[in-house]
Amino acid sequence: MKVIVANHAGFCFGVKRAVEKAYEQLNKKDNIKTYTLGELIHNPHVVNDLYEKGIKSIEDINSINENSRIIIRTHGISEDLYSKLKEKNLEIEDMTCPFVKKVQNIVKKYYNNGYNIIIVGDEKHPEVRGVNGWCNNTAYIINSSENMEIIPKFNKACVVAQTTITQEQWEKVLKILKNKVKELISFNTICDATNKRQKAAEELSHIVDIMIVIGGKKSSNTQKLKKICEKNCKKTYQIESKEELNLILFKKDYTIGITAGASTPGYIINDVVNELMYKKGE
Ligand code: SF4
């Protein structure tokens with residue numbers, strides 16, 4: 001079997017920075033307890049490792065004492081929650097990815113200038129919920145060109161993208177919006193890391209027999225990679241770790257493509273590749 005790893009796969013810059021910051025806290029000798037606000041990244045291995053080393057993830061800031069340290073993850077948070085963290089006197093390590101911060105700033109600016117805000121993305125995703133919190137939670141959130149009826153006809157609106165959606169998703173929605181909104185200002189805020197991973201995965205999925213997409217089940221960008229690969233390679237599987245390879249049937253003449261979501265650490269990708277090297281296939 002031949003194994004090819006996509007040119008861009010695994011930890012993106014934003015996730016790498018947040019994970020490094022979390023591990024850095026373990027070396028501090030100041031006796032301040034550190035928490036992450038929500039699971040730091042969509043990867044159970046990293047989240048469990050941090051937990052075992054003493055950095056727990058919390059959902060509710062009322063569950064922790066004042067003067068604790070809190071890490072804001074790459075997805076960012078709402079403006080309101082920011083104020084609450086400060087009121088509680090928590091030490092903040094803000095790891096909001098700069099690409100997400102940019103979306104928050106755009107939304108705040110145009111909302112304050114009287115524009116309706118539209119976010120193309122998943123309304124349940126923490127990044128989108130956070131961005132919505134910079135326009136007083138008034139944004140219209142649409143995930144695909146199929147639910148456009150929720151958008152009324154506007155005179156002026158500003159549209160942004162969740163950083164991890166696909167280019168195709170964005171273009172389809174934008175095309176329809178242009179007919180619905182008189183004055184539409186659009187910002188394609190899909191991040192560079194997402195673009196690169198998606199393009200590399202797409203290219204690879206054309207030339208392999210099986211695509212393995214490594215990443216947390218809750219990871220939005222990993223799910224998108226899987227969708228993209230499935231279009232060209234019917235045998236596309238999403239796994240979180242090498243153990244799940246046992247559920248997949250490999251043939252010895254197969255070429256296997258590997259890609260990984262932005263929250264998948266390099267050591268998990270290496271584990272999967274090494275495991276495949278030892279597999280003989282049928
Ligand atoms: S996927 Fe993009 S926006 Fe999200 S953390 Fe990584 S670099 Fe930042």
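Predicted model: local features only at pLDDT ≥ 70, side-chain atom pairs only at ≥ 80, totals over all residues.
Buried area here means the accessible area, taken with a 1.4 Å probe, that two parts lose on being put together, summed over both.

The protein divides into domain 1, made of 2–10 + 193–278, domain 2, covering 13–97, and domain 3, covering 99–190. I will take domain 1 and domain 2 as a pair. Their C-alpha centres are 29 Å apart. Domain 1 brings 11 residues to the contact, and domain 2 brings 8 residues.

How much area is buried between domain 1 and domain 2? The figure is about 760 Å², and carbon and sulfur atoms give 56% of that. On the domain 1 side, 47% of the area buried against domain 2 comes from K218, E240 and S263, more than from any other three residues.

Between these two domains the count is 1 salt bridge. As for K218, its side chain meets that of E39 in a salt bridge, at 3.3 Å from N to O.

Now to the rings. The structure has 5 aromatic pairs. One of them is Y110 with Y115: the ring centres are 5.2 Å apart and the planes are at 80 degrees, so this pair is edge-to-face. Y110 and Y115 are both buried.

Y110 also pairs with F187. Here the centres are 5.5 Å apart and the planes at 55 degrees, so the pair counts as tilted. Which parts of the chain does this pair link? Y110 belongs to helix 4, residues 98–112, and F187 to strand 9, residues 181–187; the two are 77 residues apart, so to speak distant parts of the chain.

Is Y110 buried or exposed? Its relative accessibility is 13%, and the cut-off for buried is under 20%, so Y110 counts as buried. F187 has 25% relative accessibility and therefore counts as partly exposed. Taken together, ring pairs join Y110, Y115 and F187 into a cluster.

Last, the charges over rings. Elsewhere, the charged end of K33 sits over the ring of Y35, 5.7 Å from its centre.

Technical notes
Residues numbered from 1 in each chain as written. Heavy atoms only, no water. Phe/Tyr/Trp six-rings, centres within 6.5 Å; stacked < 30°, edge-to-face > 60°. Buried < 20%, exposed > 50% of the residue type's maximum accessible area, 1.4 Å probe, protein only. Helix = DSSP H or I, 4+ residues; strand = E, 2+ residues; numbered from the N terminus. Lys NZ or Arg CZ within 6 Å of the ring centre and 35° of its normal. Domains from an automatic or database assignment. Contact = heavy atoms within 4.5 Å. Salt bridge = Lys/Arg side-chain N within 4 Å of Asp/Glu carboxyl O.
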